[in-house]
Amino acid sequence: MTKADLVVQLYEQVGFSKKESAELVEHIFDAIKQRLANGEKVKIASFGNFVVREKAPRRGRNPQTGASIVIGARRVLTFKPSNVLKAILNEAPVKLPRKPSS
């Protein structure tokens with residue numbers, strides 16, 4: 001699913017114009033990005049939690065040369081699905097995308 005797919009879903013199911021739908025999707029993503037950039041947790045009920053974690057610097061190894069290097073501190077985004085989403089994923093049959101017929 002892409003951002004454009006979300007816009008189309010809003011357009012078809014809610015009745016907003018495509019322009020309004022695109023703006024709404026953009027505003028939602030901007031709000032989520034801003035909260036995460038500020039280090040806040042984003043919780044979407046029945047879906048899951050997005051959390052920014054701080055990772056400390058650590059020693060690593062260059063796989064090509066074997067040289068020891070320091071991997072710098074960084075922030076990573078993690079996602080933990082809600083129990084509702086886990087249940088849906090584990091109960092739903094896996095559907096493979098169909099190839100368009102020629």
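**A chat about the model**

Author: Phe-16 counts as partly exposed, at 33% relative accessibility; buried means under 20% relative accessible area, exposed over 50%, and partly exposed in between, with a 1.4 Å probe and protein chains only. This is a predicted model, where local features need pLDDT of at least 70, side-chain atom pairs count only at pLDDT 80 or more, and totals for chains, interfaces and linings use all residues. Residues are numbered from 1 along each chain as its sequence is written, and side-chain values use heavy atoms, leaving out hydrogens and water.

Reader: Thanks! Where is Phe-16 found?
Author: Phe-16 is in the loop between helix 1 (3–13) and helix 2 (18–37). Helices here are DSSP runs of H or I with at least four residues, strands are runs of E with at least two, and both are numbered from the N terminus.

Reader: And which residues make the nonpolar surface patch?
Author: Val-14, Phe-16, Leu-24 and Ile-28 make that patch, which covers about 310 Å².

Reader: Switching topic: in what order do the strands of the sheet come?
Author: The order is 1-2-5, in an open sheet of three strands with antiparallel pairing. Two strands pair if DSSP finds at least two bridges between them. Strand 1 (42–44) and strand 5 (74–81) are the edge strands, each pairing on one side only.

Reader: How many bridges join strand 1 to strand 2?
Author: Three bridges do, and strand 2 covers residues 48–55. Val-42, for instance, has Phe-50 in strand 2 as its bridge partner.

Reader: What does Glu-40 form a salt bridge with?
Author: Its partner is Arg-35, with the closest N and O atoms 3.1 Å apart.

Reader: Last one: which side chain meets Arg-75 in a salt bridge?
Author: That is Glu-54, at 3.5 Å from N to O. Arg-75 lies in strand 5 and Glu-54 in strand 2, so the pair ties together parts that are 21 residues apart in sequence. Glu-54 counts as exposed at 62% relative accessibility, while Arg-75 is partly exposed at 42%.

Technical notes. Patches are made of residues with over 30% relative accessible area and no salt bridge: like charges are joined within 9 Å, nonpolar side chains (Val, Leu, Ile, Met, Phe, Trp, Tyr) within 5 Å. Accessible areas come from the Shrake-Rupley method with a 1.4 Å probe; for residues, only the protein chains shown count as cover. A salt bridge is a side-chain nitrogen of Lys or Arg within 4 Å of a carboxyl oxygen of Asp or Glu.
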